[in-house]
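Good morning, and thank you for coming. Please look at the sequence and the structure first, and then I shall guide you through some of the features.

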Amino acid sequence: MIAVGVRVALEPIGHFYYLPMVAAVMVTALLARRLSVILAITLSIIANEVMVQRQGALDATVNAVLFAVVAWAIAEVCRRLGGALRTARALTRDLAMREMLLETILTSVPIVTLDREGRTQRVTPAAAALLGVSREEAATLPFHTLVPCFDEAALESARQGGEVLSPSTGFWAVWRPNACPVPLTIHANVLPDDIWPEHIVLALAEQSQSEAMRQRERDLTEKLNSVWRLNSMGEMAATLAHEMNQPLTAAAVYLHAGQAALAKAGSPADEATRALELAKAQLLRAGEIIRRMRELLATGSRSFTEERASQMIQDLDPVFTLIGRDTDVTIYIQADGEDDHVLADRIQLQQALTNLVKNAVDAAIGQENGRVSVSGRSLGAEGYEIAVEDNGRGIPTDQRDSIFHPMISTKAGGMGLGLSVTRSIVESHGGALTVGRSKLGGAAFTFRLPHSQELDAA
């Protein structure tokens, strides 16, 4: 009807015949199906025949047929164009969805593209965050400055595709500002030649969690091996505690006999008699240690008695003197005797203190004027504090926790049990063994023993 109206409006200008009807057929073809197109063509022919006087039936028929053929052809073109437009719109939507999905993936995945010379071309946000730089900064830097050691050999390996391994450890390390190095794996893919300037795509993957898991596995294996060795040593200690008691007793008897024989010789043998007395005292002490060890292995308990901490320290003076004399290290003892009553296993605590002094002497050997200080003082309600200090090299801060672990030693040939056993003894007495920096310049091992009244209350 609109086309007829246009046809009538154009009549004063000229005879347009079927031309305005073509628009009606085109619009119908774009909006409706073929049946509607046939109806539009038919109505157009009828309207044109009504409005135009033909010379005859043949002329009307020829014009109608020509219009029908041309209109149908135009309608088919319009239909195909409409289908192509709908397909294009669908493809556009699909492409936009794919592009959004790809953009999301690229935003979350560390990707870097390089040109043929290895220059950085494109960096995703995740890659920039992983490398510790901004995207703008990363795009202006060569890749080997972002990932150190990524040299020409690594670039050549990337051109072959596949995983690119570091020649030293297999992992690449990225040094972020003010942070620990981050281990990376790099996987390379080569782009087609017609994509320019990008040539190589590098996919970066952080391995911190994987490396941490592998480190935990190694630590667990090491701990299991340590437990196995400790169990074996426990069995060996039980055997030694049983077998060594008789030889030590016999040696003490022989020393006693030697003392009796020297006593008959008179005053010239006094020095030898004193040396034998000290040796016998140490043998008896060793026998007492073994006896306590057997009790501990058998029952897991210790016997505590009320002791004076200062006296326990002073009683070790002959032992410390011998240790210092053999190593040319001076050992000072300063034990405050005021308010020093504690509940303790005397033998075990003296053994722990001897271990600490031996370690301190080993650290002071080789130092000018090697010195070791053993001090004790009362802290009132906080207990009695005992400290062993030296002027050696000290213990690095990062090793102050690990030195107490069994089977770990900083000395060549050490078994790594001295400090572990010492800490266990101190903790069994209600104290805590700590290590720090000494006023003498080396290490300071300190522990506090609760007073006898406090330990009874606990």
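This is a predicted model: local features need pLDDT of at least 70, side-chain atom pairs count only at pLDDT 80 or more; totals for chains, interfaces and linings use all residues.

I begin with a group of charged side chains: Arg 377, Glu 382, Glu 385 and Arg 448 are linked in a network of salt bridges. By a salt bridge I mean a side-chain nitrogen of Lys or Arg within 4 Å of a carboxyl oxygen of Asp or Glu. Side chains of opposite charge can pair when their charged atoms come close.

Residues are numbered from 1 along each chain as its sequence is written, and side-chain values use heavy atoms, with hydrogens and water left out.

How many salt bridges does a search of the whole structure find? The search finds 15. One of them joins the side chains of Arg 34 and Glu 76, at 3.0 Å from N to O. This pair links distant parts of the chain, since Arg 34 belongs to helix α3 and Glu 76 to helix α4 (residues 57-108), 42 residues apart. Helices (H or I, at least four residues) and strands (E, at least two) are DSSP runs, numbered from the N terminus. Arg 34 is partly exposed, with a relative accessible area of 40%, and Glu 76 is buried, with 16%.

Another salt bridge is formed by Arg 119 and Asp 115, whose closest N and O atoms are 3.0 Å apart. Asp 115 is buried, because its relative accessible area is 5%, while Arg 119 is partly exposed at 46%.

Val 8, Leu 39, Leu 43, Ile 46, Val 50 and Met 51 make a nonpolar surface patch of about 560 Å². Patches are made of residues with over 30% relative accessible area and no salt bridge, with like charges joined within 9 Å and nonpolar side chains (Val, Leu, Ile, Met, Phe, Trp, Tyr) within 5 Å. Accessible areas come from the Shrake-Rupley method with a 1.4 Å probe, and for residues only the protein chains shown count as cover. Helix α3 (residues 34-51) gives the largest share of the patch, five residues. Met 51 is found in this helix, and its relative accessibility of 31% makes it partly exposed.

Finally, I turn to two backbone positions. Cys 149 has a positive phi of about 75 degrees although it is not a glycine. Cys 149 is placed in the loop between α7 and α8 (152-159), and it is exposed, with a relative accessible area of 62%. Asp 339, also a residue other than glycine, has a positive phi near 50 degrees. Asp 339 lies in the loop between β8 (330-335) and β9 (341-344), and it is partly exposed at 39%.

Notes: Buried means under 20% relative accessible area, exposed over 50%, partly exposed in between (1.4 Å probe, protein chains only).
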